[in-house]
Amino acid sequence: MAFSQLNKLAAIGNLAFLISFLMRYFPLLQGSVTESMILITGLVVSVALNIAWMTSFVYLGLVKKSRPEINIISLLNVIVILVQLYLLFV
């Protein structure tokens with residue numbers, strides 16, 4: 001089960017997004033460098049990585065006509081992307 005590098009990076013960014021979302025309700029690490037890194041990675045970098053990952057996923061499926069690998073990490077990435085889109089548009 002080989003995961004692509006972009007899939008792994010998107011998963012790490014999505015974990016940071018979920019942690020930053022939880023930090024909104026449960027104040028942890030207030031005023032620290034770690035909090036800043038988690039917030040920036042989760043709220044900014046995660047969105048960019050998800051856009052890049054979805055672009056490569058669609059490119060593999062539509063242009064190259066090869067079936068992209070679907071695994072648990074990919075499904076979790078899609079779920080977090082849907083949450084991000086919901087929060088963006090609502």
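Predicted model: local features only at pLDDT ≥ 70, side-chain atom pairs only at ≥ 80, totals over all residues.
Phe-21 is partly exposed, with 32% relative accessible area. Phe-21 sits in helix H1, which spans residues 5-25. Phe-17 lies in H1 too, four residues from Phe-21, or about one turn of the helix. Phe-17 is buried, at 7% relative accessibility.

Now look at the rings. The structure holds three aromatic pairs. In the pair of Phe-17 and Phe-21, the ring centres are 6.4 Å apart and the planes meet at 20°, so the pair is stacked; the cut-off for stacking is under 30 degrees. Tyr-25 joins in as well: ring pairs link Phe-17, Phe-21 and Tyr-25 into a cluster.

The axes of H1 and H2 come within 7 Å and cross at roughly 140°. That angle makes H1 oblique to H2, because only angles over 145 degrees count as roughly antiparallel. The crossing is left-handed. On the H1 side, the contact includes Leu-6, Ala-10, Asn-14, Phe-17 and Met-23. On the H2 side, Glu-35, Leu-39, Gly-42, Ser-46, Asn-50 and Trp-53 are among the residues that take part. By class, the contact of H1 with H2 has 13 nonpolar, nine polar and one charged residues.

Follow H2, residues 33-62, to helix H3, residues 72-89. Their axes come within 11 Å and cross at roughly 120°. H2 is therefore oblique to H3. This crossing is left-handed. From H2, the contact uses Gly-42, Ser-46, Val-47, Asn-50, Trp-53 and Met-54. They meet Ser-74, Asn-77, Val-78, Ile-81 and Gln-84 of H3. The residues of this contact divide into five nonpolar, six polar and no charged.

Asn-50 has 3% relative accessibility and counts as buried, because the cut-off is under 20%. Which residues does Asn-50 touch, leaving aside its neighbours within four places in sequence? They are Ala-10, Asn-14, Ile-81 and Gln-84.

How values were computed:
Residues numbered from 1 in each chain as written. Heavy atoms only, no water. Phe/Tyr/Trp six-rings, centres within 6.5 Å; stacked < 30°, edge-to-face > 60°. Helix = DSSP H or I, 4+ residues; strand = E, 2+ residues; numbered from the N terminus. Buried < 20%, exposed > 50% of the residue type's maximum accessible area, 1.4 Å probe, protein only. Axes fitted to C-alpha atoms, helices over the stretch in contact; angles between N-to-C directions. Parallel < 35°, antiparallel > 145°, perpendicular 65-115°, else oblique. Left-handed = near helix turned anticlockwise from the far one by under 90°. Contact = heavy atoms within 4.5 Å. Nonpolar A, V, L, I, M, F, W, Y, C, P; charged D, E, K, R; others polar.
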